[in-house]
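Please read the following points with the sequence and the model open side by side.

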Amino acid sequence: MIGGRRVSEVYRDEVPAHLRTTAQLRSSGRRPVDPSKATAWLERVFDGDVWRTALHDVTATAPLPPSPPRAPGPARATTSPAREESATWARDVLADRDAVVLDTELTDFTGRVIEVAVVATDGATLLTSLVDPEGTPINPHAQRAHGITAQMLAGAPTLEQLWPKLDHVLRGKRVIAWNAPFDLTRLRAEHRHIFGDADLPDWLTGPWLCAMRKHAAWVGDRNTKSGGFRNHRLEGGHRAEGDCLAALAWIKRMADTAPGAAAHASAEAHPDAVTTGAPTPDLATPDLATIRELWPQVLGKVREHSRSLEAMLGKAEPVLASGRVLTIRHPAAVVGRRVAQSQNLDLVNTALTAVLGQPWTARVAPHDPTA
């Protein structure tokens, strides 16, 4: 017993606010005092498999120890068959006018859809809408991730009401999603909820194109458990449209590394020009002046997840943008060190990606009292 609660409790939907998974604790700089003892369990069912994740009481946690300095590892190969195949795939789907990127947000891991967005490969938003889950409560953990509240859903259409528009946008399209099997499974469940055993539309018969798997092969980090490639989280702000744009930005970045991509882009931009082999700048990447103009929007996105971090960034200044890495300077050394904490930089990265439509990484410059 911990605090009068049985350790054998299993939650399938709403989880009490005092319970966190190990990953959620780590994101806030905490860890379980005894990781081997779970207060309760979160049970999820996915594709017929039952998964249980340990939940720990926040009152029985301790701060994470400081990370030891990491020794530099071996340099990753800049090219590999898997990376080239993923880059070629990205180039091909960008050239397909019938390809679209889709994302959903849910009440819970296996819950109802509460937001859906579809974006064309040229970046145009074809559909974005909140969705009324018809009384299904939002799991607090899911709400902390995407920030969608029951109040925000008041007046939103149900998915049954939105379905004709969704079907119109997706019929005959090649659907791309970051975690394609997951989104496909949830929308198939919604189709059953609305239409029963009626035949699936063509865009729900699958398979969808999984950008996460292609990105994992492109990055090339090995998964020591499965032997394949390690998947990476999509930092798009956990909102449907933002995640679509973040996924599209990664696809474009992957396509830029496809064999012959530079020459192909140059020929499309200047079909009559003579190729000299000189590199051309990435005109789609915002410069420092543009980022400074958009900085208030970035702070607005940060505010959706952490008002305290927004306040800390109030006096911060973007000072350098290079290679999609933004360097921030803060006049106060103590505040700068707090902003530089990994969980805070993760939120800044998410906000930058959502506003700029490209994966960006933020860093905090060392304190300089003369700056």
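What percentage of the 371 residues in the protein do buried residues make up?

1. Buried residues make up 40% of the 371 residues, where buried means under 20% relative accessible area, exposed over 50% and partly exposed in between, with a 1.4 Å probe and protein chains only. This is a predicted model, in which local features need pLDDT of at least 70 and side-chain atom pairs count only at pLDDT 80 or more, while totals for chains, interfaces and linings use all residues. Residues are numbered from 1 along each chain as its sequence is written, and side-chain values use heavy atoms, with hydrogens and water left out.

2. The protein has 14 helices and 14 strands, taken as DSSP runs numbered from the N terminus (helices H or I, at least four residues; strands E, at least two).

3. Strand β8, residues 113-120, is mostly covered, since eight of its eight residues are buried. On one side of the pairing list stands strand β7, residues 99-106, which runs antiparallel to β8 and is joined to it by seven bridges; two strands pair if DSSP finds at least two bridges between them. L106 has V113 in β8 as its bridge partner, and the hairpin that β7 and β8 form has six residues between them.

4. β8 also pairs with strand β9, residues 125-130, in the antiparallel sense over five bridges, and here A117 stands opposite T128 in β9. The hairpin of β8 and β9 has four residues between the strands, and in it G123 takes a positive phi near 95°.
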